[in-house]
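Me: I would like to go through a structure with you, beginning with the ligand. Could you put it on the screen?

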Amino acid sequence: MLKIGTLNLKSRLILAPMAGVSDFPFRMLNRKFGCELAFVEMINSRSISYKSRRTQKMLFSDKDDRPLGVQLLGCEVKFVQKAIDVINKYKFDLLDFNAACPVKKVVNRGEGSSLLKDPKKLNAILKLVVKTAKVPVTVKIRSGWDKNCVNAKEVASCCQDAGVCGLFIHGRTRVQGYSGAVDYQAIREVKKALEIPVIASGDIFSPQLAKKMFDETGCDGVLIARGALSDPWIFKEITEFLESGKIIARPAPQQIAQVMTEHLDMCVDFYDEKNGVVIFRKFFAWYTKGFRRVRHLRELSSRIKTRPEMNEIIQKSAGCQ
Ligand SMILES: Cc1cc2nc3c(=O)[nH]c(=O)nc-3n(C[C@H](O)[C@H](O)[C@H](O)COP(=O)(O)O)c2cc1C
């Protein structure tokens, strides 16, 4: 249903790369709920060659964690080249190059969305990536830098000319960050201009918004990002809605608690009890978004250190809906 280079995907729904979120437990949990292609956390091309423990953990995957993409950030040919040499030793199915990250320190280094201001440079880097990577290469861009520079169509054409076989586009400018309206028109224009598949990103929070993205832009696939932070059910819900128009009932409180427990266990198994619990804290806050009278449990969760304590809070939260 969605072909990106040599990669054939059955689903048009992709779990977005999310720094600080897309770790092995998060990916495996979403896979249980119907996610097909997922990404490891964004890797900085400068840090990958140091092979720190953290980077090793980020690059970890196993045979059930497939298909899997890796996303690279960088702007200096020397480091990008080195990073690809390292990545080529791992088993990934796709390499995405990031020209979308809005973070100030990233942009100040000339990386991420700052490359939108220099399509020629982006084209040159992508040519190198395409030439040296072992797997299909894609790129992720934004609609532009700011409202006065919505140049996604020009940037996307430069990327396609460089030989990438797919393009992800977040329909917001760098200046917008993660808020404000998604620019469906900019995505539609990119889709019209390109021959390679275009996968759209922005506010895929519900089946209806996913359908709106497909209908208004003609995109080939969508990226699910914040919509999956506390809601792995979103994959099945969108798939069902696109196929039959039916809305699946939302999970009951006890089901949410069960998934939280599973997610916590996966974090503890992958990291260790101390680190796993700390990493799970932010997920607890996301899972319980919209729950009533949950503030004290959230506050408590930010202090506790053991799995049994976290489990107790999870069980209590089921009564807060
Ligand atoms: C916590 C978080 C981390 C993110 N990290 C990355 C990243 O590393 N690379 C990337 O290309 N996009 C990243 N994004 C952007 C998402 O992939 C997505 O394009 C964006 O959130 C818009 O989709 P949404 O409105 O459905 O959340 C991140 C988003 C969030 C919320």
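Me: Which residues come nearest to the ligand?
Reply: Of the 18 residues around the ligand, A19, Q71, S201, D203 and R226 come nearest; a residue counts as near if one of its heavy atoms lies within 4 Å. Please note that this is a predicted model, in which local features need pLDDT of at least 70, side-chain atom pairs count only at pLDDT 80 or more, and totals for chains, interfaces and linings use all residues. Residues are numbered from 1 along each chain as its sequence is written, and side-chain values use heavy atoms, leaving out hydrogens and water.

Me: What does the backbone of A19 do there?
Reply: One of its N or O atoms lies 2.8 Å from a nitrogen atom of the ligand.

Me: And which atom of the ligand is 3.4 Å from the side chain of R172?
Reply: An oxygen atom of the ligand is at that distance from a side-chain N or O atom of R172.

Me: How much of the ligand does the protein bury?
Reply: The protein buries 90% of the 610 Å² that the ligand exposes when taken alone, by the Shrake-Rupley method with a 1.4 Å probe.

Me: New topic: why does S49 count as partly exposed?
Reply: S49 counts as partly exposed because its relative accessibility is 30%; buried means under 20%, exposed over 50%, and partly exposed in between, with a 1.4 Å probe and protein chains only.

Me: How far is S49 from F79?
Reply: Their C-alpha atoms are separated by 8.4 Å, although S49 and F79 are 30 residues apart along the chain.

How values were computed: Polar contact = N/O pair within 3.5 Å; in protein donor to acceptor, adjacent residues only side chain to side chain.
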